[in-house]
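Here is a short briefing on one helix and its surroundings. Keep the sequence and the model side by side as you read.

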Amino acid sequence: MVGEADDKDKVEARKIAIVLISLVIVLGISILFMLPMLSDIITSHLSPGMGLKDSAVISFFVTTVIMLIFTISSGDGLLGELQFILGSFFLFFIIIWLLVAWIF
């Protein structure tokens with residue numbers, strides 16, 4: 001019985017490790033694709049003000065990352081929390097969008 005439980009724990013640990021490694025790879029690829037946009041953000045940061053379009057793009061990525069972190073840490077996963085994620089996504093998006101446009 002103990003060996004069977006250990007085997008299940010090993011399989012679950014491997015699955016979690018594979019998911020975490022794939023998330024890090026996806027994050028690295030997304031950062032790589034965002035580098036040209038980040039250089040535009042840096043140049044626009046030095047100019048006066050940021051428009052609503054640029055802040056909407058930044059807000060979308062920030063909100064998506066926050067929602068992914070919330071779903072991973074929630075325990076029920078994406079499908080168990082889907083009804084709450086959709087409402088909170090739009091609320092977070094609007095708040096972050098307007099704050100980024102207002103501050104920067």
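Two residues are in contact here when they have heavy atoms within 4.5 Å of each other. The model is predicted.

**Helix α2**
- Helix α2 covers residues 52-74.
- At 1.5 Å a residue, its 23 residues should span 33 Å. The end C-alpha atoms of α2 are 31 Å apart, which agrees.
- Just after α2, glycine 75 has a positive phi of about 100 degrees.

**Buried residues**
- Ser55, Ala56, Ile58, Ser59, Thr63, Met67 and Thr71 are buried in α2.
- An α-helix has 3.6 residues a turn, so residues three or four places apart point the same way.
- Threonine 63 sits in helix α2. Its relative accessible area is 0%, so threonine 63 counts as buried, the cut-off being under 20%.
- Which residues does threonine 63 touch, leaving aside neighbours within four places in sequence? Its contacts are Phe89, Phe92, Phe93 and Ile96.

**Nonpolar surface patch**
- Ile16, Val19, Leu20, Leu23, Leu68 and Ile72 make up a nonpolar patch on the surface. Together they have about 530 Å² of accessible area.
- Helices α1 (2-46) and α2 (52-74) each give two or more residues to this patch.
- The largest share, 4 residues, comes from α1.
- Leucine 68 is part of the patch and lies in helix α2.
- Leucine 68 has 45% relative accessibility, so this residue counts as partly exposed. That class runs between the buried limit of 20% and the exposed limit of 50%.

Notes: Residues are numbered from 1 along each chain as its sequence is written. This is a predicted model: local features need pLDDT of at least 70, side-chain atom pairs count only at pLDDT 80 or more; totals for chains, interfaces and linings use all residues. Side-chain values use heavy atoms; hydrogens and water are left out. Patches are made of residues with over 30% relative accessible area and no salt bridge: like charges are joined within 9 Å, nonpolar side chains (Val, Leu, Ile, Met, Phe, Trp, Tyr) within 5 Å. Accessible areas come from the Shrake-Rupley method with a 1.4 Å probe; for residues, only the protein chains shown count as cover. A salt bridge is a side-chain nitrogen of Lys or Arg within 4 Å of a carboxyl oxygen of Asp or Glu. Buried means under 20% relative accessible area, exposed over 50%, partly exposed in between (1.4 Å probe, protein chains only). The expected span of a helix is 1.5 Å times one less than its number of residues.
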